[in-house]
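Thanks for passing this one along. Below are a few numbered notes to read beside the model.

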Amino acid sequence: IFQVLLCNVTQRVSFWFVVTDPSKNRTLPAAEVQSAIRMNRNRINNAFFLNDQTLEFLRIPSTLAPPTDPSVPIWIIIFGVIFSITVVATMLLILSGIQEHRRKNKGPSEMEDTEDKRENTVTIENGIPCDPLNMKGGHINDAFVTEDERLTPL
Amino acid sequence: MACAAGPDPASDGVEDERPRWDNKLQYLLSCVGFAVGLGNIWRFPYLCQTHGGGAFLVPYLVALVFEGIPLFHVELAIGQRLRRGSVGVWRAISPYLGGVGLVCFTVSLLVSLYYNTVLAWVLWYLLNSFQHPLPWSTCPLDPNRTGLVPECRDTSTVTYFWYRETLNITADISDSGTVQWRLLLCLAASWAVVYLCIIRGIETTGKAVYFTALFPYLVLSVFLVRALTLPGATEGLLRLFTPDMQALWNPRVWLDAATQIFFSLSLGFGGHIAFASYNPPRNDCERDAVTIALVNSVTSLYAAIVVFSILGFKAAKDHGRCLDGNILLLINAFDLPDQSVSRDDYTAVLAHLNATQPERVAGLHLQACHLEDFLDKSASGSGLAFIVFAEAVLHMPGAQAWAALFFGMLFSLGLTSMFGNMEGVVAPLFDLKAQPAWLPREALTGLVCLACFLLATGFMLQSGNYWLEIFDQYAASLNLIFCAFFEVVGVAYVYGMKRFCDDIARMTGRRPGLYWQVTWKVVSPLLLLTIFVAFLALLASRPPSYRAWNPQHEEFPSHQEKPHPGWVQATCMLLSFLPSLWVPGVALAQLLAQWTEAAARTDRRPKLQGGGVR
């Protein structure tokens, strides 16, 4: 049975340490030790199953892990998607508007051609032109549809 | 005063060129979308909270009945009857009143500039909502990587993200800084979306509003279900809706209710006049006006419930964190076992310790944690959306989805309001026949959007937020009230109440009753005059200062009150009064034209008499 004697009790478990180099028989300077601990802090913590909040090295501030940054920020990707969709849709609308405009410009000129043709042709029924029948004297039978009304206007 | 002849049947040929709505639903959705905007989400709940909770509904309803609905009916009826945009309508009523339409046009233009800037900010937050973890949940590290950036550590991650990473704001308004390219890209995108939706006028707008006007209601409902199930929501709702009738004695409450109704319905912009002018001549505008105004108010209430639930949740979370901090201090100081004091035991334990060892407790400097203090913290405007709500969604499980939904909802709310604003800008341009005949409609709309985008780049500077607040306070308010006053007086007195009632009887089939005639002739003009004077007095009495974000300030987390420099004050005055000068300007120009014409006629007449033959 061993007796456990305590002395210099502090609130926390704490200790001082120095690192020696046996080959050169010297103790390493504090600055070197500090930078080494800073670089390997995570491994030292894990060896004790502790973390930065529970294992403190005096005069060595803990370095925090930076948040991971993807190479292309995500917002640019989504911005690119939205902007390209908008531009494509706008182009489509503009192009369809131009096409409709051109069709409307062609449309009235086509209608004028058919109207000219209508005036020039003389409708012939049973070998007898209809117009002279209307011109001759006598009664016009209103039951018959007149020339103009046969062709329904557009 | 020359009175205009009403449009005769011979002008029906011109009417056929005027675009028409595909169906009544598109018209209703466009008007509802224009009226329901960002103000319903972030201004109405704030007013409710600061002006006595449920008691605020009384002045709000009074203002709706005596000011909102009558003015709205006038706008819809006059647009539907005269079938022109705002400038054309006022020119048709009286050439001397043509300036009123120009005031509406100018105000719509100014508001479009800064409204789309807010949409650009919303779009920036929306684009950033799709990453895990959300970028406003963590602070960046300082160059040594030993700690957090001091500006972020002293305030909070959300405030840092808003003021530094989004706006990159300077400490002073005269220090303009550089243009923020990220926000510039977002501004370009939002103007591109607006242009896409208004490219062919109501042909495209009518299809876009099916989505943009209905999507916010869907999201609000989803948020309602989520928010009501969060812890702390019921406390928030109870606290913020319990009426405090004492608040009704404060005249400021009535003024705020009247202005809120006025701006909430988007009156005086000319957008509603333009929308109504595309209606068929026989359309029940009275029922439309009442319906849309009621839908707007109900939406405000619905949004207030959602906002208060989420504010209650956030207050409960902050309260819990405050308690946890105090509990940790007590446990460390009094060597109590770890986690032995829960939040519910806290008050009992604190009382016991205070009774036994008061000096040690006092030495700990514990923060006072009361839930009411956290609930009373109110925010409105961009602070509510980008700081308070952004922080609240951080604590909800599935934060990315909620953030994306919330900012998507804000974006579509703003987008439908932008349609109305741009209609108030573009329709008068078409009425004035400002464009040459070879320039198609799409090109004119594109030019207007491009011009607005270039002008709005000024808000993308580092001091842009200060300028936006100035525009928000000074550019729209007085001019719109001025415009609306002339609208209702012009229609009731210059156009003639009898002629107007006859028109409405022809359009709707019923003659307007006593309520309408009394409000149009007496109540609304008086109310508007009172509001105008009160608002003017308020603006004059408030010292022209702004709250700057200055990290070097001694009381840093709070804003620094700085007075406006002289040239900024001059700009504020110009913004408030310059647009209204169109009215006297056009009236004078018309008078001059009449005098010169009369003088020319008296010169010519002696020659005719000398001719002899009549």
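1. Let's start with a side-chain pair in chain A: the side chains of A:Asn45 and A:Asp52 make a polar contact at 2.9 Å (a pair of N or O atoms within 3.5 Å; within protein, one must be able to donate a hydrogen and the other to accept it, and residues adjacent in sequence count only if both atoms are side-chain atoms). A:Asn45 sits in helix H2, residues 41-48 of chain A (helices are DSSP runs of H or I, at least four residues, numbered from the N terminus). A:Asn45 is buried, at 3% relative accessible area (buried means under 20%, with a 1.4 Å probe and protein chains only). Beyond four places in sequence, A:Asn45 is in contact with A:Leu50, A:Asn51, A:Asp52 and A:Leu55 (heavy atoms within 4.5 Å).

2. A word on the basis: this is a predicted model, where local features need pLDDT of at least 70 and side-chain atom pairs count only at pLDDT 80 or more, while totals for chains, interfaces and linings use all residues; side-chain values use heavy atoms, without hydrogens and water. Residues are numbered from 1 along each chain as its sequence is written, and chains are lettered from A and ligands numbered from 1 in the order in which they are written.

3. Now to chain B. An unreviewed UniProt entry places a "binding site" at B:Gly33, B:Ala35, B:Val36, B:Asn40, B:Ser264, B:Asn296, B:Leu413 and B:Ser417; such annotations may be inferred rather than shown by experiment, feature names are shortened, and positions are in the numbering used here. These positions spread over 385 residues of sequence, yet they cluster in space, with a largest C-alpha distance of 12.5 Å.

4. Is B:Asn296 buried or exposed? With a relative accessible area of 1%, B:Asn296 is buried. This residue belongs to helix H16 (residues 285-334) of chain B. Not counting residues up to four places away in sequence, B:Asn296 touches B:Ala35, B:Val36, B:Asn40, B:Ser264 and B:Leu265.

5. B:Leu413 lies in helix H21 (residues 399-431) of chain B and is buried too, at 5% relative accessible area. Leaving aside neighbours within four places, its contacts include B:Gly33, B:Val36 and B:Pro216.

6. Finally, the interface: 25 residues of chain B are in contact with 21 residues of chain A. B:Leu127, B:Leu196 and B:Arg200 supply 26% of the area that chain B buries against chain A, more than any other three residues (buried area is the accessible area, 1.4 Å probe, that two parts lose on being put together, summed over both).

Terms used. Helix = DSSP H or I, 4+ residues; strand = E, 2+ residues; numbered from the N terminus. Buried < 20%, exposed > 50% of the residue type's maximum accessible area, 1.4 Å probe, protein only.
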